[in-house]
Amino acid sequence: MKLNQDAAIAAIATAPAPGAVGIIRVSGQGVLDIADMLFLPKNGGKLSDRPARSAVFGTVLDAEANPLDVCLAIFFPGPASYTGEDTLELQCHGGRAVLSAVLERVLACGARMAGPGEFTRRAYLNGKLDLAQAEAVADLISADWEGAVKNAAAQLSGAYGAKIRAIYEDLRAVAAAYTAAMDYSDQNVLPPELESSVAALRRAAGELRRLADSARAGEILRDGLHTAVVGRPNAGKSSVFNRLLGFSRSIVTDEAGTTRDIVSEKVCIGGIPLRLSDTAGLREGTSAPERMGIALTRSEAASAGLVLAVFDGSAPLTAEDEEVMRLCGRDALCLCNKMDLGICEETLARLRAQFDAVFVLSAESGDGFDALTAALPAAAGCEGVRYDGSLVTNARQRDALRLAAELAEEALRAHELGVEDALWGTLQEACEAIGTILGISVPEDVEKEVFSRFCIGK
Ligand SMILES: Nc1nc2c(ncn2[C@@H]2O[C@H](COP(=O)(O)OP(=O)(O)OP(=O)(O)O)[C@@H](O)[C@H]2O)c(=O)[nH]1
Ligand SMILES: [Mg+2]
């Protein structure tokens, strides 16, 4: 691989908080000279005399040769480094002040401060990662639950990129086969060997559609499914909310109108990450703050991807409950709460008539929550979803896949109608759309946008 070395950049690569170890990363031209200027190995000599990739213990010195920190220095010569360039890692003590002081010293020795995502951008430009893998780095860093980690790690390993690349190559081969067939066919009758190309086109279109359709599950995986807990005052919304979280987050009292504001927390239930919101009970508000809270409940219910409608199943339904039913619609999950107090049969029958899914449970005892947990993946539209790197988690890739899927489907239709003339152009456009995912054909502003999502040091 041709080594592309730009001017040295440096940044603190670890989180800006006190920790046992903090890492300063330096990459680019003259990195080893910088190391020799500021790092003194304990056993004397210079880092440049030591074997590459070995951890060398020593001292970072300031301009007057006073120690700034004792640390480990590791030199990774390019191209076998993260960025593909010569890279230095200084594993220092993880205090903010000490890391800042060492970074200042590195900058004084000739490096410049790295921009957001600049290390990963260099890795991309040097062919160490494709654009989808670079995005997987950002996803992996921001992942806050196991499924998101698994999906991002699988994408980073390159399996997803390989799948996309295979579709890209298939479509190019189909386009080439059609072009050849059109050129050599005198009566405009397509030769039989094109049958395999049509099969490949059909497979590619199906695969692109599946990937594009995985974007909803991918979005939930990344951001969590926005889920609102709604109901009339005292139905037990906050008790349900706390039970789902596994700790007491919202205030629970027997006074109607306890919750006023939206209370939100992230939680993973039944393998589905939720952004769960507790809300103010729906009724004619008795005070201005309560009425404001109720207005928030309405907009929360409208914007949520999933609504949990809570009813006091031990009592007859009220006019307020009827209003909750009107607000929620059939596809909300209905929680018939307070089963420990005995369920009012009339209430249960009415709820069963009103909602597609009714769960009889008790926030007090926890009974009945297992069935709710088991139903969540289907309710979220994530049933059978595997976190194996095949979930598309960002809008850029989703849009490109949708466009490519539409174009491949259009090409199939053109074939079926026997209007092959435009087919080559359509497939070419589909390839271009797919190419943007990997970075094969991507406008510079799109590429910049991808890396601007990163933090400095990544
Ligand atoms: N026995 C029993 N009591 C419950 C259950 N769930 C909630 N409660 C009681 O019902 C009362 C109201 O509960 P909350 O969770 O505060 O109800 P809410 O719907 O959040 O009420 P607001 O915030 O006022 O809208 C409290 O006294 C709870 O202890 C349950 O499953 N069984
Ligand atoms: Mg409440």
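Begin at the second largest pocket of this predicted model, which has a volume of about 180 Å³. A pocket is here an open set of points on a 1 Å grid over the protein atoms alone, where a 1.4 Å probe fits, with protein on both sides within 12 Å along at least five of seven lines; lining residues have an atom within 4 Å of a point. Grid points are joined across faces, edges and corners, and the volume is the space filled by probe spheres set on the points.

Select K163, E207, R210, L211, S214, G384, V385, R386, D388, S390 and L391 to display the lining of the second largest pocket. This lining divides into three nonpolar, three polar and five charged residues; Ala, Val, Leu, Ile, Met, Phe, Trp, Tyr, Cys and Pro count as nonpolar, Asp, Glu, Lys and Arg as charged, and the others, Gly among them, as polar. Helix α7 (residues 194-213) gives the most to it, with three residues. Helices (H or I, at least four residues) and strands (E, at least two) are DSSP runs, numbered from the N terminus.

Of its 24 lining residues, N234, G236, S239, V252 and T253 lie nearest the centre. Select helix α9 (residues 237-245), which gives the most to this lining, with three residues. Six nonpolar, twelve polar and six charged residues make up the lining of the largest pocket.

The aromatic pairs follow; the structure holds three. Rings of Phe, Tyr and Trp (its six-membered ring) pair if their centres lie within 6.5 Å; planes under 30 degrees apart count as stacked, over 60 as edge-to-face and the rest as tilted. Select Y124 and F451, a tilted pair at 5.7 Å centre to centre with 40° between the planes. This pair links helix α3 (residues 118-125), which holds Y124, to helix α16 (residues 444-452), which holds F451, 327 residues apart.

Proceed to F311 and F355, a tilted pair at 5.8 Å and 55°. F311 lies in strand β11 (residues 306-312) and F355 in the loop between α12 (345-354) and β13 (357-360), 44 residues apart. Both F311 and F355 are buried.

Finally, select R25, which lies over the face of F119 at 5.3 Å from the ring centre; the criterion is NZ of Lys or CZ of Arg within 6 Å of the ring centre and within 35 degrees of the ring normal.

Residues are numbered from 1 along each chain as its sequence is written, and chains are lettered from A and ligands numbered from 1 in the order in which they are written. Local features need pLDDT of at least 70, side-chain atom pairs count only at pLDDT 80 or more, and totals for chains, interfaces and linings use all residues, while side-chain values use heavy atoms, with hydrogens and water left out.

Technical notes
Buried means under 20% relative accessible area, exposed over 50%, partly exposed in between (1.4 Å probe, protein chains only).
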